[in-house]
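This report goes through one structure part by part. Please look over the sequence and the structure shown below before reading on.

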Amino acid sequence: MDRPRNIVILTGAGISAESGIRTFRAADGLWEDHRVEDVATPEAYVRDPGLVHRFYDARRARLGEVEPNAAHAALARLDAQWPGELLIVTQNVDDLHERAGAKRLLHMHGELNSGWCLACDERFSWDGPMGPGAACPACAKVGSVRPDIVWFGEMPYEMERIEAALRDAELFVSIGTSGAVYPAAGFVQTAKYVGARTLEINLEPSQGSLLFDERRYGRATVEVPRWVDAMLASK
Ligand code: NAD
């Protein structure tokens, strides 16, 4: 195949694991000792907003203790130097891609550093704890600000832009994701449908591993810089 120009890269929790942010489905299926149903669904938020806020406040505080790793840095380098179209679509709610310098990036599952007011529908950057009693910086209403996170059962952000990028993709790369959460887990099928080459980089085969033309298994901090170096050498 000709050298690809247009690349879509999907990242998941595995790319941030070596920065010290725990993945989600590791071993016990819990995320930071909580069941997903208790902290990452709209129903959980209605049932116990205090618990949900404490969970995300702790995840947001953790961002101040971690740094981007060599895999985030390598993707930022590829973003800066790749002459063709490139889009990094992350499922991660951490800010490690942007802190590494990535620009062509979107957060399909929202961001820890963002808040969303259910009263006025504004979204705004958020630093520090939020808690159930936060005041909206836009409309000043108290108690209506929630974490700007796409919970299970909610629609991911920017799907039109992602699907447009996938339609034009010549290479689709999935990094550090278990392939268990849709619609992201279906991107590989869309990419294959339009004739893109597909590559998986992960610690172990994901649920959809057989859909990928090429598979590289190992730690993201080793495998991602190795792949990026080869891409940049070939450009
Ligand atoms: P996941 O936890 O389901 O899967 C992570 C994958 O990464 C696994 O297949 C695992 O084998 C692999 N992995 C673990 N360590 C790795 C390493 N060092 N190098 C390469 N691969 C490694 O994560 P997911 O597929 O992203 O889905 C989980 C959902 O939970 C997402 O929607 C995401 O929004 C959320 N989540 C986000 C974060 C974060 O923002 N960092 C962390 C946990 C969960």
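## Salt bridges

A search of the whole structure, which is a predicted model, finds 18 salt bridges. Side chains of opposite charge can pair when their charged atoms come close. One of these bridges joins the side chains of arginine 99 and glutamate 67, with 3.8 Å from N to O. Arginine 99 belongs to helix H5 (residues 96-100), while glutamate 67 sits in the loop between H3 and H4, so the pair ties together parts that are 32 residues apart in sequence.

## The sheet of six strands

Six strands form an open sheet in the order S3-S2-S1-S7-S8-S9, and their pairing is parallel. The edges are taken by strand S3 (105-107) and strand S9 (214-217); each has a single partner strand, so one side of each is left without a neighbour in the sheet. On average, neighbouring strands of this sheet are turned by 15° against each other, direction ignored.

Within this sheet, strand S7 (residues 171-175) pairs with strand S8 (residues 197-202) in the parallel sense, over five bridges. Valine 173 has leucine 199 in S8 as its bridge partner. Helix H6 (residues 159-168) lies across strand S1 (7-11), strand S2 (86-90), S3 and S7. The direction in which H6 runs is at about 135° to S2.

Strands of a sheet pair through backbone hydrogen bonds, either parallel or antiparallel. A further open sheet has three strands in the order S5-S4-S6, with antiparallel pairing. Strand S5 (123-125) and strand S6 (145-149) are the edge strands; since each has a single partner strand, one side of each is left without a neighbour in the sheet.

Four bridges link strand S4 (residues 110-117) with S6 in the antiparallel sense. Glycine 115 has proline 147 of S6 as its bridge partner. Helix H3 (residues 49-63) packs on this sheet and touches S4 and S6. The direction of H3 makes about 135° with that of S4.

## Helices H4 and H8

How far apart are the axes of helix H4 and helix H8, and at what angle do the two pack? The axes of H4 (residues 70-81) and H8 (residues 220-234) are 7 Å apart, and the packing angle is about 20°. Because angles under 35 degrees count as roughly parallel, H4 is roughly parallel to H8. The crossing in which H4 passes H8 is left-handed.

On the H4 side, the contact is made by Ala70, Ala71, Ala74, Leu75, Arg77, Leu78 and Gln81. H8 contributes Ala220, Thr221, Val224, Pro225, Trp227, Val228, Asp229, Met231 and Leu232. Sorted by type, the residues of this contact are 12 nonpolar, two polar and two charged.

## Backbone details in the loops

Most residues other than glycine have a negative phi, and most peptide bonds are trans. Some places in this model depart from that pattern. Tyrosine 182 and proline 183 are joined by a cis peptide bond, with omega of about 10°. Proline 183 is found in the loop between S7 and helix H7 (187-193).

Where does aspartate 121 lie? Aspartate 121 is in the loop between S4 and S5, and although this residue is not a glycine, its phi is positive at about 70°. Alanine 140, also a residue other than glycine, has a positive phi near 70°. The loop between S5 and S6 holds alanine 140.

Terms used. Residues numbered from 1 in each chain as written. Predicted model: local features only at pLDDT ≥ 70, side-chain atom pairs only at ≥ 80, totals over all residues. Heavy atoms only, no water. Axes fitted to C-alpha atoms, helices over the stretch in contact; angles between N-to-C directions. Parallel < 35°, antiparallel > 145°, perpendicular 65-115°, else oblique. Left-handed = near helix turned anticlockwise from the far one by under 90°. Contact = heavy atoms within 4.5 Å. Nonpolar A, V, L, I, M, F, W, Y, C, P; charged D, E, K, R; others polar. Pairing = 2+ DSSP bridges. Salt bridge = Lys/Arg side-chain N within 4 Å of Asp/Glu carboxyl O.
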